[in-house]
Structure formats: C-alpha cells, structure tokens
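Please have the sequence and the model open while reading.

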Amino acid sequence: MSRAAAVGFVPALLTALLASLFVSAPAHAETILQYFETPWSEIEARMPEIADAGYDALWLPPPTKGSEGTRDVGFAVYDRFDLGDGDAAGAAQRGTVETRYGSKAELISLVETAHRFGVRVYFDVVMNHNGNPNGIENEGVLLSPVELDGFPGTSLWDYHVLPARLASGGTCADGSSGCAYCARQPGMRATDDYDGAVFGGKQWTALNDDGSYVNAAGGEVCVRNGEGGEDRVAVMTIADALAQPGAPSSGNPMLAGMTHVVRAPRIGVWDDFEFQVSNWTLVGLHDFCTDQYETSSGPRAIDGTCSITGTELPSYVRDAARPETYQYETPANPQAEDIRQYLMRWIRWLMMETGADGFRLDAIKHVWPNFYRADFPGDDIAFVRIIQDTYDELHGNTDTDDADLIDDAAVFGEDFTGSCDALAPYLNTGMRALDFPLFFNLGELMTGGDIRKFSGPQAGSCGNAAIGAFMGLNRRSGVAFAQSHDECQKNESPDTNSASSTFSRCFPQGGGRPDLVYAYLLTREADAAVFYDGNRWTSQSFVRSGRPDGLVEVAGGSTIDAIPRLVNAARRVARGTTLNVWVSSTNTDGYVYERQVAGKATALVVLSDAGYELGWGDGSSTGSFIFTTFPPGTELCELTGNALAWAQGCYQVLDPASLGVGEQAELDAARAAFQSGTGAAPPATAGAFYAGVPNSGSSYAIYAPRAYAVGGGGADVVELRDIPTATLSPGVHALHVRFRRDVPGAADAQDEVVIPLCVPDGGGAAVCGTTVSASAPATDPLESGLVELLVDGAAPSRRAVETAPARTLPDGRSVAAARAFHVLVDGDSLDVVVRTAASPAVDDVAIRLDDDPDLVPGFHLTGTGERFLDRFTKLFPPGVDPPDAGPQEGEGEGEGEGEGEGEPDAGYDPDADDDGDGIANAADNCVEDRNADQADFDEDGLGDACDLCVLEGSIEGEPVDATGCRPVSEDERADILAIARAIANRESASAGTDRDGDGDVDVADLEAAIAEAHQ
C-alpha cells in the first residue's frame, strides 16, 4: 500500500487520453536553476526555497564518477555506472565511493524531494568522451592519470586513436620537429562522403564506401608532449593494444610500420562540422568512436567502423560483473555491444535509476548529429529518442510527439556557436540547444546597446522563423541563459590564469545591467536558466562563479533577491505570446511588451537600457504613455520593486477618453508606438498606462493585475477536512492543487486558458487584492474561474501561488495546476478549503500533499497525457460524502482506458506483499519499502528502510512514534513553529530562530531544530 493510501489519499486511475489532441507548447515557459558546486544533500535541504522562488526545474552537474575523484566536477567521466556507490562490490573508485556531490542514496533522495515539490530534475551528461590524461577540470589533483585502457566498460579501440611510431630524432616525415610520436593521419576525400545530404562539402575520412582505405600510407601528424596545455601523451604499445577487447588484426595495413597507438590529437579547430571537431580530442579528453554511416533505409556497409582508423568497433560484453546495469534491458542480462550501444544502454539506465526528467547534453558538436537521431526504421543509435522513450515509459505517457514540450523529457545540447544554421542539424534530431545565438547578443542589453533589436522580428537573429525569435532561438528550439559554469555573463571576464587564486571567478567590467538581462530572459517566450553555484565558488575547478542571488541571500545585513523576485513574478504572469506595445524611437532606449494568453494580457514588461531614468505618462517623463490591451479600470501592481517611486505599487489603467487636452500629444505618441510595435491601432477597449524605471542594473518593471475578489454570490466551495499528516515530518511541505472545468465552445475552444489561483495575504478573508470601483466595472481578464485556497482556515503559510496555466481539451474541458507551501508543525491533521468563482464554474478540484516521491511533477499539463486524479484526491462540497461504492472517476488502480474504469482500492491486505520484497504485509516491518533483510538496527519494530530515526529506538522507556522517532515535546514543537513562521514570513533572525548563527533564518535552522528535538 502506498504512503498516499496510508494517509487516506485515494490512488488515481491513469486515464489514457487520446494522443492526437492539441500539440501547441504550454503557455508557461520553464525557469531552470542551474545549481552546481554544491552537495546533493544541501540542494535537497533547500528544495522548499527553490520551489518557493518559482523555479520549475533543476539543472545539475554530471552525477557519474569522475576521473579526479571528489575533486571532479563530472565532465571527465571515469565510470558511468558509478553514481556515488562505488564499483560492482561497492568499493572506492578513484579514491572515493562518493562523487564530488555525495552518495547515490543522497542523489536519489534529492530527485524524490524535488518531485515532491513539483520541480523537475535535469542532469548534465557527456556523450563524447571519458576522462583526461592530466588535471584539466581541477587544480592541484594528485591522482595518477587514467590510461587508455583504464576506464570501466571500455576498450582502447572504443576511442579515436591513431597508429603511431616513435619519432626518430623528434622529426616526422613532413619535417615537423619536436615530435614525441608521428601518428598516421587519415587521407582527405574530395567527395561528399560523410552525411553529405546534411553537411555538404569536403570531408575527411579513412574509408571509401567499399571499406577500403583512402591513402592507407597516410600522412603523419606530429604529436608533442606539453602541446596545448597537456603534459603527457596518452599512449600504448602496439602489442598491448592488440591484447585489448575488439582489437583489429595485427596484419591491418593501418598498423604497418607503427610501434604505438596514441590518443587522437587535441583539436586545433573549433569550426562547425570540421573533421577534427568530431574526431580529435576535446581539451585532451578521450574521444569515443561514435561514428555512424547510414542511409535513409538502413546502415551502410561500412557502419560499425571507426572513422579515423577504419577498424571495426569492438562489440563485447562490457559489464559482466555488474548485471544490475542491465536490469532495464530486455532480456535483463549482459549483451555484447559496441561503444554506441553501450552509451544508449547507459543513458536509459541513468534515467531509470535516478528518475531524471531530462538532460543537458555536453559538447554536442563533437558528435555527429546522426548519433542523436533515428536515421532509418529500427535505428538503435538514437540518443535523443532513447531518452524520450524511457521518459514515456517512466511516466506512462502516450504522447507520440517528442518535441512539442508536452509530456516530454527536456533534452537540450551545448554547441558553442552563434550560427543557427550550424545548430539546425542538431535541432532536427529532436533536441533543443542552449541559446548561444541569444547569448552572444546579450551584450546589447548589458552595455546599453540598441534594445530595439530584441523586439523582433519573430525570426530573431537567425533569420529563420522555424527556430528563431527575439534575437535568439524560440522556445521549441532553445533554452536561454546569460551565464553558466563555462561562461561568465556578458561584460564580465574570468581570470583564466590557473596559477591565480581567483581562477575562474567572473569579474564585473564596468558595471553594466546584469539584472536587466535576466528580466528579459525570464519574461520572453522561451525556457531560461539561472546559474547558481550555491555561493560555494572555489579556485580549485574551472567552474565559473554564479549569480549570488540565484536563491535569496543575506549579505552585510542586506537581502539580495533580485533573481528570486524576477523568477517568482515571471512564473505567475509571463505566459503565452508576446505583443510589442512600445518600442523606443531613436532618442530613447526602452522596450515594453505584453504577455498574452488567448488574446488577453497577463503582464506588462517594461525594460530600459537608456542610461538615464525613463518614464512614460508622468509629467517628468521622457516618453509618452503606453497603450495596453489591459482595459481601463484594471488595477495593475508592480511585482519587482524596481519602478521609480511614482510608479510603484498598484494603480488603475487609465481611460484615454478621460485624460485632459494637455495629455493628448503623449496619447498620440503612444498610439503611434502601439501601431508601430503591433502593426495595428490600439483596440477601442485599450487603456493608457504610466510607468518609470531607474537608471541602474535593475532598469525594469513587471506589472500584472491584482487577482479579482472572490467569495460570496454563489461561489462554490469544496473541501477536505482532517487530512492525516502523522507520517509527514515537520517543516515546509508543498500542497499541489488541480482544477478542471468545462469551457464554452467545445472543440472550438481556445487551446490556452488561465484559471487563476488566489491565496490571500491575511487569514480567511475572501478577497485577494481589491475590487475596482463601481464606476469602473470589473474588466480584469484573469477574473474568470478564480480559485481561492485556504489551509486550516487561513492562507498557506508560505507565498507561492501563481495564476495556473490550463490546457483546453477538444471536448471543452480544461485542466490546470498550481501549488502553495505550508509549514506543517503539529503532525495531526490538515483542513483544505477551495472556494471557486460561480461563473464559469470550476467543476472539479483535487489536491495532493507532497507525500509521494514517485509523483510525476505536476506542471506540464497536456491535452494528450494529463491524468487529472493521478495520485490526487478529489474534493467535494461540505456535507457531501465521497461515493464509497464501486470505482469512481480516476479512482482505483489499473490501466483502464478512460474515466470510470479500473479496479477500486481494496484497502490493506495483511496477506499481500505491497512492496514486493517477499515479506507479507502482516509480518513486514516496512510495508511500503522493500527490505527483504528486515534490518532493524535500533530494535524499535520499524525497519531501517522506513525508520526516519534509525539510531533512536526507545528513549528511557518512551516509545517511538510511527516514524521511528522520539515524540517531540510541546516546547520543542513551539521552537520549530517559531522558526517555520520566521521562514514563511521572512522575518529577521533572532537568537532563538537563527540556530546556526549565520544571520539568516532558513531551512538549515529548521533542520537543526528538528534534529535537536530528536536527539
């Protein structure tokens, strides 16, 4: 029996909706927190902050064992199947069992906690290479280099290597001097041999189409020690190389006259689709032979050979000693595979083991695009497809479009190029790309360039509307970023001197407007990433320093929270399409746009890099009014705190007809700007708006409507009372809410609507914000379907809540989701009341507490795979008891096709084995967690697998509670509650609440108080 069932939640039917419905992308773009340099346990502890800020997803570093042990950032891979649990026997590898970030158990726990809070998890992964011959990622590593044959699961012949001879007198045949080895170099074909239909032009190859060698005698390439920053050459004798698995025949003509095999040289060019980029070694890392030769109907005769030696790719059983790495294969037993198939098995295993929701693919340009895509029916070398198919299997998805951002894994690749043409072949594989075209253009915003460029055209700098938008890639093609572990933000530069104590720290150069850049990134129509290093930067690795306020920080007595404010604002209101309503003329430098859903404005974004205060519609302004499709009388509030003093707070959109004669010139200018930006005159219902932003790094403002009043007048109320919470730990928990309603228009309904959620600031009041005056009738486009959420008679004790994006189904029914956060302190029960507007009615409401780590994150709603009650509990009006006979809509387990099918929950069965560990429920000391050994270290009757306090047992005869912990006293509960309230209300630290003395009251203090209570 699941934990959800144990606390009274009804398991839900996985309702299979038709797969041929709407395919447009969800209106709300993702905000991704790239969180590096931080232990898994610390990231997990900060998950409430991450979710509370409004981040949708985490982008985490490679989770696999690196070649430099605990110092390894993860990109110099050592063992892909070691996630911090050691080798097959659990023994240390590269001097450590754990990775730089912690153990495998901590990693899995982090992902489960992220899912509890509705946050997706993406890992960085490397397809191109394994570890390096010397310390490349980190400074001062003392470990011996990994040799060519030293990586688990691979052979020397899996890599791009070259037959070579010792250089006689340090000179090669071409006259090059100072050589350690003279390596045989492939010849050059003048024909369009390698995937010419995509790339064209002259390509390098060692093979003719019939498999014969091109210029088998070959030229020579000089390999030098110390060249390109390397202090050694990775090399092996021919005799030892021929003893490796999958070695070619000793009579292979490529080996004639050769004495050694050397790792392919370090690349000397970075141009797109150059031979060296795909075959030489990136910064000295050992490069895989992922080469594939194919036609549209099947592989070519020479497929399965390495492009630069012509030798056959070894196919052998790679992990015979680790059968668990094959557990997701069919059949689940070791199989012979070449290096490409090995990488396909690994990425599937990694996703299944961790529950990852997607991946950032490192250095995609160093692997040909045909490695990522399915090139012919039955092609099993298709990295992106493997990821998407595995994700669908994990989550029961039936969506057949793996690139529509609906029920899909996130897959985005890194290619350091501003060329959209160079990115296009990779985008055609089904992945997206980090938006380097936009990244290279962001200097215009950072340094006061021409902001007008960012207003369009829709094709952006790509000149290709299929993939471009607003100076970069569109949402289906790219993930925007301003800085990363590799790149400083524009107008900053790293100290790249590895001998310096500040190696890799990013230094501001002349100020600039870094916050303005993020204001644009987070409110445009594309997913965007914020880079955060947990403020744990050191000089020991190449990782750049990140935004110090990726999460709220307190420094020098001041709160630094520009990014969390932007993330939270963007999450609530930045959705839908973009309408340019004001673009600067030549004498000003501002840009204003609306975000719209179904033609109705949800937000107004004001940006300026003018270098002086810029205002609209005020007597001291330098600009005209702004015309907006928000109708007169709509009350707008500034969400970031950045506006000039006279434009702060909340105020109504003005009726242009009510303004005086002296303001007509400004209105005319505003009309002209609207016409220029949108291509049409303002509608008759449009309003006039005034705003102002300062001259600073925060020259932006975001305005959105107050939520309209709710309650009274026939509003519908649904509730769930006395929700058991005894199995939940004290602390911050996420409350997930789903809504469903009928939408007029049936199949003609808009494909995107909004069901707003309102959590009042005060206790049980039925009003969020204020109503407009009687003379200005309610025109707020977000009014329809408003939902108010109360927990225990008041607002949830942490802010969150956003207007909830909804997807309309062809039958006229829409589904939306939202979340709030509540500090649970009493462990007894919880009351949840949801009040919905009377018209149009929200006819179904369901909730879930974050008690089930297996939950699929609930924000990617679709018309093709949404299961409304999947792991949720439907709420009913007061006095209405849920039906208790027979299966209900969404209730019961099973795979029924449609609503109302499946078997009802039979309840607890003492003779069953719910966790499948071979122990019947009645005798199992952990009914929900597999523990065939029934280990119980503290002998308290609760097995170690489900005992939260495994070291406690009874204390002075006092029994433990249902979690295996000593019951907490009332005084201890009061202390925990005080800290929780301080976190929720962002109160100042005090001696009683700041347990770790760092000047901030946060989750660490809450954890410390809870730990003290259980000592």
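The structure holds 34 aromatic pairs, where rings of Phe, Tyr and Trp (its six-membered ring) pair if their centres lie within 6.5 Å, and planes under 30 degrees apart count as stacked, over 60 as edge-to-face and the rest as tilted. The model is predicted, so local features need pLDDT of at least 70 and side-chain atom pairs count only at pLDDT 80 or more, while totals for chains, interfaces and linings use all residues. Residues are numbered from 1 along each chain as its sequence is written, and side-chain values use heavy atoms, with hydrogens and water left out.

| Pair | Distance of centres | Angle of planes |
|---|---|---|
| Phe416 and Phe436 | 5.1 Å | 65 degrees |
| Phe689 and Tyr703 | 4.7 Å | 80 degrees |

Phe416 is partly exposed, with a relative accessible area of 43%, whereas Phe436 is buried at 3%; buried means under 20% relative accessible area, exposed over 50% and partly exposed in between, with a 1.4 Å probe and protein chains only. Both Phe689 and Tyr703 are buried.

An aromatic cluster is formed by Phe273, Trp368, Phe371, Tyr372, Phe383 and Tyr426.

Charges also sit over rings, a term that requires NZ of Lys or CZ of Arg within 6 Å of the ring centre and within 35 degrees of the ring normal. Arg94 lies over the face of Tyr78, at 5.8 Å from the ring centre, and Arg345 is placed over the face of Tyr326, at 3.9 Å from the ring centre.
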